[in-house]
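This report covers strand pairing, nonpolar cores and a helix pair.

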Amino acid sequence: KLMPLQNCPIDVTPYDQSQLVKTPNLINTNYTNQDFWSMKARLLDFIKEKFGDSFSDFIESDLAIMLIENWAFIADTLSFKMDQIANEIYIDTVSELDNAFRLSTLIGFKPLPPIASRAMWSASINNILTTDLLVDTPLSIQISTELGLRNIELFPADVDNNPIFDEPIIISSGNFINTSVIGIEGTTVEQSQNGTGAVGQTISLTSSPVIWNSIRVFVDGIEWEKVEYFTDSQPRREFRTEHDANYNGYVIFGNSRAGLIPSDGSSILVRYRVGGGVVGNVVTGSVVEQSAFSVPGFEFKVLVSFTNYTKGEFGYDGDGIEDIKRKLPQYVRTQDRAVSGDDYKILTDPFATEFNGQIGKSNAILRNHGCAANIID
């Protein structure tokens with residue numbers, strides 16, 4: 001027998017007593033249908049199951065239905081955006097070019113910007129001159145395309161049929177034709193800006209799309225060298241370039257430890273070309289242009305005819321989203337190194353030059369006999 005404590009009542013009524021727990025009804029939630037009408041129907045079913053004893057006003061014109069539809073609209077929108085965001089972080093399902101560029105940047109893959117088409121041209125005159133005829137370059141010729149008027153710029157060509165910038169086209173004395181002329185689709189643009197002396201000064205180019213490898217930079221009249229990375233700790237006259245998803249161009253300078261900083265107030269001239277694409281792939285002999293030029297010692301101008309005697313070729317519009325989705329997994333597979341024959345092929349296929357286009361087809365073959373074993377062709 002328990003003895004009561006002093007000053008404590010024997011009869012003690014508890015504040016609360018335990019009761020049998022009533023198991024609540026479990027509502028089946030479907031997470032597969034995320035559209036507006038499915039959301040609305042599921043919410044109505046939920047309310048009927050959960051609050052059917054106290055709420056039964058499901059008339060379409062009722063305020064409660066309006067609130068339910070507002071919720072379904074918000075839920076549908078949020079569900080769509082969450083699915084969209086999830087899709088945009090995977091290369092197989094990405095649908096926006098900006099996001100494809102971001103995925104490329106994460107692993108160091110650089111989509112290929114537009115490449116200008118090129119063709120070989122001739123410059124001819126009717127009568128032989130006793131002095132050289134000089135044509136300043138770039139000489140711009142307009143052509144009519146399905147996308148409107150486009151420019152082709154003429155330059156003298158070297159022995160490899162690549163353009164020589166900053167030099168005139170010459171029809172030398174005693175000759176009436178010069179066939180070492182190259183025409184490149186696109187337009188040359190010049191943009192001036194002053195140096196700020198800031199670390200990593202960046203210049204945003206105002207015209208686009210910027211043709212691949214066409215950017216040249218002059219600081220106080222001296223041309224600087226374009227590099228891929230500021231990897232060497234030397235304050236050299238170097239700059240980098242980048243492109244965004246619309247192939248707008250950006251010029252980036254260094255920090256005077258890796259890449260020199262243009263001094264405050266220095267004169268920066270950026271010369272680049274815009275255009276590119278298959279639109280410049282003209283047919284052989286389809287363009288004939290005549291222009292008159294002054295010749296020293298002559299009182300009259302001399303008429304010069306320009307004609308493309310080869311077809312325009314190698315034009316490329318730049319990597320689109322489908323190109324990136326195809327190239328990026330292959331690039332990741334190689335991890336920027338060649339081990340197998342497939343790796344050699346994958347690294348060869350994206351090779352391109354600014355005046356001779358891209359690789360058409362490649363194959364890598366591993367020799368497996370004799371002293372030539374393990375040599376890749």
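## Sheet

F155 stands opposite I182 in β6. The strands concerned, β4 (residues 148-156) and β6 (residues 177-185), run antiparallel and are joined by 5 bridges. Strands (E, at least two residues) and helices (H or I, at least four) are DSSP runs numbered from the N terminus, and two strands pair if DSSP finds at least two bridges between them.

The model is predicted: local features need pLDDT of at least 70 and side-chain atom pairs pLDDT 80 or more, while totals for chains, interfaces and linings use all residues. Residues are numbered from 1 along each chain as its sequence is written, and side-chain values use heavy atoms, without hydrogens and water.

β4 and β6 belong to an open sheet of 6 strands, ordered β3-β4-β6-β1-β15-β14, with antiparallel pairing. β3 (139-145) and β14 (288-294) are its edge strands, each pairing on one side only.

## Nonpolar cores

A nonpolar core is a set of buried (under 20% relative accessible area, 1.4 Å probe, protein chains only) Ala, Val, Leu, Ile, Met, Phe, Trp, Tyr and Cys residues joined through side-chain atoms within 4.5 Å. The largest has 22 residues, with W121, L133, L154, V304 and F306 making the most contacts inside it. A second, separate core of 15 residues includes L205, I215, V251 and V270.

Beyond its neighbours within four places in sequence, L154 is in contact (heavy atoms within 4.5 Å) with residues including W121, I182 and F306.

## Helix pair

The axes (lines fitted to C-alpha atoms over the stretch in contact, with angles from 0 to 180 degrees between N-to-C directions) of α3 (residues 97-107) and α4 (residues 321-334) come within 10 Å and cross at roughly 15°. The two helices are therefore roughly parallel, a term for angles under 35 degrees.

Conventions:
Buried means under 20% relative accessible area, exposed over 50%, partly exposed in between (1.4 Å probe, protein chains only). Angles under 35 degrees count as roughly parallel, over 145 as roughly antiparallel, 65 to 115 as roughly perpendicular and the rest as oblique.
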